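Please examine the sequence and the structure shown below.

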Amino acid sequence: QVQLVESGGGQVQPGGSLRLSCTTSGFTFSSYTFSWYRQAPGKQRELVASITTRGESTIYTDSMKGRFAISRDNDKNTVYLQMNSLKPEDTAVYFCNADNFKFGSSYWGKGTLVTVSS
């Protein structure tokens, strides 16, 4: 059974940091590109960052560059999102996504809520 479970969300003050984790099981972790997406209230889901299968390449949405860092541990089947210098506009539900473009499979977690507020 495929599972992606996000954790690490919570409430933090502006300027603070959080580290999200996405723990997975039920598929070949190292064969998948991973991404973090987020969806703020009343807005569409947007890409935050992506990382390739061996972590050799990452991409970030412009507003997250320099503040967020995506990483992966293929031994632990886990993907991380380190978020620094958080702003109120970063408040959203953050989702983990796994894609295998060769086989056309894609999996999603249920999300973890991040609230940036004083």
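## A Buried Arginine and Its Salt Bridges

Arg 38 has a relative accessibility of 6%, so this residue counts as buried. The terms for accessibility are set as follows: buried is under 20% relative accessible area, exposed is over 50%, and partly exposed lies in between, with a 1.4 Å probe and protein chains only. The model is predicted, so local features need pLDDT of at least 70 and side-chain atom pairs count only at pLDDT 80 or more, while totals for chains, interfaces and linings use all residues. Residues are numbered from 1 along each chain as its sequence is written, and side-chain values use heavy atoms, with hydrogens and water left out.

Which side chain meets that of Arg 38 in a salt bridge at 2.7 Å, N to O? The partner is Glu 46, which counts as partly exposed at 31% relative accessibility. A salt bridge here is a side-chain nitrogen of Lys or Arg within 4 Å of a carboxyl oxygen of Asp or Glu. Both residues belong to a network of salt bridges that links Arg 38, Glu 46, Arg 67 and Asp 90.

## Other Salt Bridges

Glu 56 is partly exposed, with 49% relative accessible area, whereas Arg 54 is exposed at 67%.

Another salt bridge is formed by the side chains of Lys 65 and Asp 62, with an N to O distance of 3.2 Å. Lys 65 and Asp 62 are both exposed.

## The Disulfide

How many disulfides does the rule count? The count is one disulfide, where the term denotes a pair of cysteine sulfur atoms within 2.5 Å. The bond joins Cys 22 to Cys 96, with 2.1 Å from S to S. Cys 22 is in strand β3 (residues 18-25) and Cys 96 is in strand β9 (residues 92-100), so the pair ties together parts that are 74 residues apart in sequence. Strands (E, at least two residues) and helices (H or I, at least four) are DSSP runs, numbered from the N terminus.

The torsion about the S-S bond of Cys 22 and Cys 96 is about -85 degrees, and the disulfide is therefore left-handed. Buried or exposed: how does Cys 22 count? Cys 22 counts as buried because its relative accessibility is 0%. Cys 96 also counts as buried, at 0% relative accessibility.

## An Open Sheet

Four strands form an open sheet in the order β1-β3-β8-β7, with antiparallel pairing. The edges are β1 (3-7) and β7, each with a single partner strand, so one side of each has no neighbour in the sheet. On average, neighbouring strands of this sheet are turned by 15 degrees against each other, direction ignored. For such angles, axes are lines fitted to C-alpha atoms, for helices over the stretch in contact, and angles run from 0 to 180 degrees between N-to-C directions.

Two strands pair if DSSP finds at least two bridges between them. The antiparallel strands β3 and β8 are joined by six bridges. Leu 18 stands opposite Met 83 in β8.

## Positive Phi in Two Loops

Asn 77 is located in the loop between β7 (68-73) and β8 (78-83). Although Asn 77 is not a glycine, its phi is positive, near 55 degrees. Asn 77 counts as partly exposed, at 26% relative accessibility.

Ser 85 is found in the loop between β8 and β9. Its phi is also positive, about 50 degrees, although Ser 85 is not a glycine. At 40% relative accessibility, Ser 85 is partly exposed.
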